[in-house]
Amino acid sequence: GVSSSDHKFALRNEDYKGLEDVALTPDDLELLRPKPVDYNSLYYNLRLLIRENEVEKIKDQSAKNQEVQKEEWKQHDPIFKKSDEVTQIDADNVKDLVLRPKVKRHVLLEVYADWCGHCKQLAPVFTEVAQALKNEPDVLVAAVNGDRYRDLYNTFRAVGFPTIVFLPKGYKNVTLDNVKYEGERSFKHLMKFVKDKSGLGFSYQGESEFLAKLEEERKAILFSDAPDVKIVDHETFSRLISRKHVLVEFYADWCSACQASSDDFAEIAEAFKPVERVAVAAINIDRSRDLV
């Protein structure tokens, strides 16, 4: 028979029935020995099972959300039609058209959403720009639905809808080298922006009159009759802030909003004139780009 004391585990009397004629080896007995419960492994496996269940629920919910989102997209007419000159960028073609180093073109890109009112207003202007540049081999005018392709929204560092960026030919880093367009959203302003950034020699309709108008606007010199407003550049501004508290306005002579507020800013400067530790200054962004 088998001695339970010798092998340090216990069998009940009824457990011996049928074992009288069975010869058990030590290996057999080892298999019969109850194994201690590894509660750490049990806890880990239970947590893994719960987590897998939660992941499946998240996947199911994500799939449902995507279906709802697709239905919402269908409710909005696409801003750009397939017949437009604006090249549509998506997850499949972005590497070939925009991101790969072999693409040797300047890229003007709009990040948009079909439901965005400002994007809808911009669409015909952006299409006009694309049509004007369609025969310019060194420029690609493109657009990406940033609402549908959120990864591309982040890639191009979009800041809401619409965001317009310029990627110079031969750029090295898509997130560091893209230039945000923050000017007026008109055909001529956008064409001038592309021409200035690309250095290309193309012309566009109404260019001469438009540039002449801009030049006239630039001739208006703000703060020329405001002696208490200190006009500073990089060097003088650095010296000024080392000695005083500074209230500074960034302005452009052609800016209508700057022109409208210039008298009020001059009055503020005059009011602070007796205060030794405070200076009121202005920086012309056209002349001091390094401070912007």
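Colleague: What is the bridge partner of Val111 in β4?

Modeller: Strands pair if DSSP finds at least two bridges between them. Strands (E, at least two residues) and helices (H or I, at least four) are DSSP runs, numbered from the N terminus. Here, Thr163 is the bridge partner of Val111 in β4. This is a predicted model: local features need pLDDT of at least 70, side-chain atom pairs count only at pLDDT 80 or more, and totals for chains, interfaces and linings use all residues. Residues are numbered from 1 along each chain as its sequence is written, and side-chain values use heavy atoms, leaving out hydrogens and water.

Colleague: How many bridges join β2 to β4, and do the strands run parallel or antiparallel?

Modeller: Five bridges join β2 (residues 106-112) to β4 (residues 163-167), and the two run antiparallel.

Colleague: Which helix packs on the sheet, touching β2, β3 and β4?

Modeller: Contact means heavy atoms within 4.5 Å. Axes are lines fitted to C-alpha atoms, for helices over the stretch in contact; angles run from 0 to 180 degrees between N-to-C directions. Here α4 touches β2, β3 (139-145) and β4, and its direction makes about 160° with that of β2. α6 touches β2, β3, β4 and β5, at about 25° to the direction of β4.

Colleague: At what angle do α4 and α6 pack?

Modeller: Under 35 degrees counts as roughly parallel, over 145 as roughly antiparallel, 65 to 115 as roughly perpendicular, and the rest as oblique. α4 (residues 117-132) and α6 (residues 187-198) pack at about 45°, axes 9 Å apart. They are therefore oblique to each other.

Colleague: Which residues of α6 meet α4?

Modeller: Phe187, Leu190 and Met191 in α6 meet α4 residues including Leu122 and Phe126.
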